[in-house]
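Open the model in your viewer and keep the selection tool at hand. The tour goes from one selection to the next and says what is found at each stop.

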Amino acid sequence: MEVIGHLNNVTEYAKSLKDTRLSSLRHPGEFFDYQRVSRPRDTQEYLKRASYNVRYFSANYAIVVALLAVYSLISNPLLLVALGFLIGGFLAINRFVPEPIEFNGKVITPQNLYIGLFVIGIPLLWFAAPISTFFWLVGSSGCIIGAHAGLLEPGVESEYAGLETV
């Protein structure tokens, strides 16, 4: 019964995500329209283009960041193992050891298991370099999004974006 409740929660979350975030997803033909790519005249035009495109393509840029995050996890297997170890260990202790157990005449509490998990997991995570991975993700997504947003000319609909309909 517990699994069905979790599946219902995931289904509801997916529907709300589809209604809110994915509804503003722009067509790939519009996102990758290379005919609208041009060099801006000056910094002011670059900032105007970037401001409009970041708002207009925000869902597409979120997908770009998510794909870069997946790539960074795949290209750093030690980070993937460290995160899997820590998250899996935390979930396993919560699920299988809710109260103290006795092993070879010694009482082992969940707190002891958490300490052991973190004594092993935190150095493993430190060697996996999550901070450099995070900064790589920020830098690469900033460069890609900044280049796309600034070089892509806004469509005709941008001229009417400031007008209100009556």
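Start by selecting E153: with a relative accessibility of 33%, this residue counts as partly exposed. The model is a predicted one.

The side chains of R49 and E153 form a salt bridge, with N and O 3.8 Å apart. Side chains of opposite charge can pair when their charged atoms come close. R49 belongs to helix α3, while E153 is in the segment after α7 (130-151), so the pair ties together parts that lie 104 residues apart in sequence.

Is R49 buried or exposed? Its relative accessibility is 5%, so R49 counts as buried.

R41 is exposed, its relative accessible area being 73%.

Show R41, E45, R49 and E153 together. Salt bridges with shared partners link these four residues into one network. The structure holds 3 salt bridges.

Leave the charged residues and turn to the nonpolar ones. Select F31, A50, Y52, Y56, F57, Y61, V64, L68, L137, I145, A149 and L152. These 12 residues make up the largest nonpolar core. Colour the helices, and look for the elements that give two or more residues to this core: α3, α4 (58-75) and α7.

Within this core, centre the view on V64. What does V64 touch, apart from its neighbours within four places in sequence? V64 is in contact with F31 and I144.

For the last stop, select A82, I93, Y114 and L117. They are among the 8 residues of a second, separate core.

Notes: Residues are numbered from 1 along each chain as its sequence is written. This is a predicted model: local features need pLDDT of at least 70, side-chain atom pairs count only at pLDDT 80 or more; totals for chains, interfaces and linings use all residues. Side-chain values use heavy atoms; hydrogens and water are left out. Buried means under 20% relative accessible area, exposed over 50%, partly exposed in between (1.4 Å probe, protein chains only). Helices (H or I, at least four residues) and strands (E, at least two) are DSSP runs, numbered from the N terminus. A nonpolar core is a set of buried Ala, Val, Leu, Ile, Met, Phe, Trp, Tyr and Cys residues joined through side-chain atoms within 4.5 Å. Contact means heavy atoms within 4.5 Å.
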